[in-house]
Amino acid sequence: MQRPRFPAVMPQTQNRSGPVQKNTQGLPAKIATSPKPVPASNQALGPGSLAPRQRMLQRLVVQGVSDPLVLAALGAVERQQFVDTALLNQAYEDTSLPIGFGQTISKPNVVARMLELLRAGVNGRLGRVLEIGTGCGYQAAVLSHLASEVYSIERVRGLHERARENLRASRLPNVHLLFGDGMVGFAKGAPYAAIISAAGGDAVPQAWIDQLAMGGRIVAPTATAGGQQALVVIHKTLQGLQHSVLEAVQFVPLKSGLA
Ligand code: SAH
């Protein structure tokens, strides 16, 4: 049976965040003007609580993040909803944070960098995206603003449940949380326009390559020959797979099986 063809980029029928216009700082205007009132959950950070998120975005721009859709997506998600109460004052710092079960939420600039790589060469929203390693659900929430559908798999049941809890209030109908071993991908949702891993393995599993749509990209931390970890991008083209090995990173290990 032949699979229906699936474009790596879905036609943009609807853009939840509306048209994005850049202001002089290169930030999407919608972020810079903060049109929304401060939601109750933000008040935990104090009355000026939009400021930390704003500062995070400005820091990302200084660090070289330039994709307006990625900046808008990061600006749309309240990172403090995903971290422990004890860590609230660090929610928007440029640091990874513990999320329980020995796992961590990545630094905002690493999340931004990976999402920029995932979106390279794509106008508008991505189609279906597979995320391996839901963790606390933060990146899945950011992805929900960049993709038509997000399938996010977590192997630790406690984290899968925590992510479900964290995301409940945001009501993101295009995010599908799955409990399972992401090493085998999720064939039912394939082919994917993009696959992103938040955990680093020895190599990119063949299942991910098989489940990637033509034209799509995988972004995954992967072990290098020197025993370090680097960001690896695999671009599936008609001419074959193009591999790029980029900067060194430090992600938690990709493990098989459930926990
Ligand atoms: N994107 C996450 C980051 C979580 S850290 C966030 O925003 O919070 C990486 C996660 O990958 C951990 O929760 C870890 O349990 C998970 N993981 C590791 N190997 C996995 C596998 N084979 N399948 C699914 N999840 C896996």
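Helices here are DSSP runs of type H or I with at least four residues, numbered from the N terminus. One of them, α6, covers residues 157-168. The model is a predicted one, and every value below is computed from it.

An α-helix has 3.6 residues a turn, so residues three or four places apart point the same way. Side chains of opposite charge can pair when their charged atoms come close. Arg157 and Glu161 do form a salt bridge, and their closest N and O atoms are 4.0 Å apart. The cut-off for a salt bridge is a nitrogen of Lys or Arg within 4 Å of a carboxyl oxygen of Asp or Glu. Both partners are partly exposed: Arg157 has a relative accessibility of 44%, and Glu161 has 42%.

The structure contains four salt bridges by this rule. Another of them joins Arg119 to Asp67, with 2.8 Å between the closest N and O atoms. Arg119 is in the loop between α4 (108-118) and β3 (126-132), while Asp67 is in the loop between α2 (50-62) and α3 (68-76), so this pair ties together parts that lie 52 residues apart in sequence. Are these two residues buried or exposed? Arg119 is buried, at a relative accessible area of 7%, and Asp67 is buried too, at 13%.

A further salt bridge brings together the side chains of Glu247 and Arg113, at 2.7 Å from N to O. This pair links distant parts of the chain, since Glu247 belongs to strand β9 (residues 240-248) and Arg113 to helix α4, 134 residues apart. Glu247 counts as partly exposed at 31% relative accessibility, and Arg113 counts as partly exposed at 29%.

How many of the eleven residues of α4 are buried? Eight are, so the rest of the structure largely encloses α4. The buried residues are Pro108, Val111, Ala112, Met114, Leu115, Glu116, Leu117 and Leu118.

Aromatic rings come next. Across the whole structure there are three aromatic pairs. In one of them, Phe82 and Tyr138 have ring centres 5.7 Å apart and ring planes at 75 degrees, so the pair is edge-to-face. The cut-off behind that word is an angle over 60 degrees between the planes. Phe82 is located in the loop between α3 and β1 (97-100) and Tyr138 in helix α5, so the pair ties together parts 56 residues apart in sequence. Phe82 is buried, with a relative accessible area of 4%, and Tyr138 is buried with 1%.

Tyr151 and Tyr192 are both buried. Together with Phe186, Tyr151 and Tyr192 form one aromatic cluster.

Which residues come nearest to the ligand? Among the 28 residues around the ligand, they are Thr104, Glu154, Asp181, Gly182 and Lys255. A polar backbone atom of Lys255 is 2.6 Å from a ligand nitrogen. In the side chain of Asp181, an N or O atom lies 2.9 Å from a nitrogen atom of the ligand. For Glu131, a polar side-chain atom is 3.2 Å from a ligand nitrogen. On its own the ligand exposes 580 Å², and the protein buries 98% of that area.

By residue type, the shell divides into 14 nonpolar, nine polar and five charged residues.

Note on methods:
Residues numbered from 1 in each chain as written. Predicted model: local features only at pLDDT ≥ 70, side-chain atom pairs only at ≥ 80, totals over all residues. Heavy atoms only, no water. Helix = DSSP H or I, 4+ residues; strand = E, 2+ residues; numbered from the N terminus. Buried < 20%, exposed > 50% of the residue type's maximum accessible area, 1.4 Å probe, protein only. Near = heavy atom within 4 Å. Polar contact = N/O pair within 3.5 Å; in protein donor to acceptor, adjacent residues only side chain to side chain. Areas by Shrake-Rupley, 256 points an atom, 1.4 Å probe, with all protein chains shown as cover. Nonpolar A, V, L, I, M, F, W, Y, C, P; charged D, E, K, R; others polar. Phe/Tyr/Trp six-rings, centres within 6.5 Å; stacked < 30°, edge-to-face > 60°.
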